[in-house]
Protein chains: 2
Amino acid sequence: MGFSIRNAVKTDCPQLRGLIQELADYEKMPDGPKINADQLEEDGFGAHKYFHCKVAEEEGKLIGFALFFFTYSTWEGKCVFMEDLYVQPEERGKGIGTKLWQSVIEAGLQVNCARCNFQCLDWNASSIEFYERAGAVNLSAAEGWLSFRMDREVMQAFLNK
Amino acid sequence: MGFSIRNAVKTDCPQLRGLIQELADYEKMPDGPKINADQLEEDGFGAHKYFHCKVAEEEGKLIGFALFFFTYSTWEGKCVFMEDLYVQPEERGKGIGTKLWQSVIEAGLQVNCARCNFQCLDWNASSIEFYERAGAVNLSAAEGWLSFRMDREVMQAFLNK
């Protein structure tokens with residue numbers, strides 16, 4: 001048997017939404033995901049593709065995914081950003097996460113990306129170890145980069161300043 | 001007199017490359033920028049636009065810029081990421097940075113982005129204060145998000161694992 005990695009298609013979105021929820025639960029933020037499968041279909045498979053996605057499938061069921069998009073560095077040029085990488089707990093240890101991650105990197109190198117970026121929560125020691133083992137550098141520690149966010153209400157308020 | 005904010009055009013790229021260098025010098029990483037004006041033209045104004053850019057202009061000269069692109073959150077949907085925000089030192093204190101930032105947020109809200117994200121170096125207290133005054137949340141501090149990066153050599157090595 002075993003799993004296969006392929007590009008996500010529109011009809012994967014309901015299952016994908018389920019995996020996104022599992023990841024949020026694992027990250028201890030179960031109320032995080034606000035979007036539904038319809039929005040994923042529109043944003044990832046509509047006229048403008050805001051993301052790309054690779055899925056791991058076994059016996060017709062999705063057991064993991066890697067969601068990514070292309071970003072830009074004014075120092076190095078095109079970059080690929082891996083937003084989510086998730087494998088169901090019972091499927092871990094089989095190399096599925098590595099294969100998904102490699103498929104994202106492959107997509108990045110195909111368009112000549114200079115970097116692969118992603119984020120990880122500081123308490124998630126096993127993921128940090130997994131990433132660092134592959135050669136990824138913790139930029140927050142190495143260069144002191146901090147991440148900032150404004151939500152929609154703050155964005156709107158800022159426009160009225 | 002005064003400045004105006006407009007969308008960058010292809011012919012701005014040589015001046016834009018100069019401003020990118022000024023920002024890298026300010027960030028104490030003068031050897032950071034590896035790309036040239038031709039690459040900016042191709043990546044930002046070619047068939048696939050990897051970035052968008054707003055510029056501040058005064059008397060035909062560029063005095064600041066904000067470079068951004070659209071990303072995706074599996075929790076909230078579309079987001080706008082501000083990669084660079086820069087105003088020449090002698091032009092600061094006139095509200096140019098705020099106007100540039102607002103123009104990025106406006107572009108984000110136009111396509112219904114739920115968030116505006118960006119990064120800042122931890123020693124850059126004046127910028128952090130500027131961002132937090134506008135309501136931006138330091139996610140590295142609030143939620144413990146760390147940023148990771150692989151460069152091209154590490155990406156290639158990881159594919160051969």
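Which strands does helix α1 (residues 13–26) of chain B lie across? In this predicted model, helix α1 of chain B lies across β2 (52–58), β3 and β4 of chain B, running at about 80° to β3(B). Axes are lines fitted to C-alpha atoms, for helices over the stretch in contact, and angles run from 0 to 180 degrees between N-to-C directions; contact means heavy atoms within 4.5 Å. Helices (H or I, at least four residues) and strands (E, at least two) are DSSP runs, numbered from the N terminus.

Residues are numbered from 1 along each chain as its sequence is written, and chains are lettered from A in the order in which they are written. Local features need pLDDT of at least 70, side-chain atom pairs count only at pLDDT 80 or more, and totals for chains, interfaces and linings use all residues, while side-chain values use heavy atoms, with hydrogens and water left out. The mean pLDDT (the predictor's confidence in each residue, from 0 to 100) of chain A is 95, with 99% of its residues at 70 or more. For the complex, the predictor gives an ipTM of 0.93 and a pTM of 0.94.

Both chains contribute to an open sheet of 7 strands with mixed pairing, in the order β1(B)-β2(B)-β3(B)-β4(B)-β5(B)-β7(A)-β6(B). Two strands count as paired if DSSP finds at least two bridges between them. At the edges stand β1 (4–7) and β6 (137–138) of chain B, each pairing on one side only. Within this sheet, β3 (residues 61–73) and β4 (residues 77–87) of chain B are antiparallel over 10 bridges, and B:L67 has B:D84 as its bridge partner in β4(B). Helix α4 (residues 125–133) of chain B lies across β7 (145–151) of chain A as well as β4, β5 (115–121) and β6 of chain B.

Packing also involves both chains.

Between the chains, 71 residues of chain A are in contact with 71 residues of chain B. The area buried there (accessible area, 1.4 Å probe, lost on putting the two parts together, summed over both) is about 7500 Å², with carbon and sulfur atoms giving 62%.
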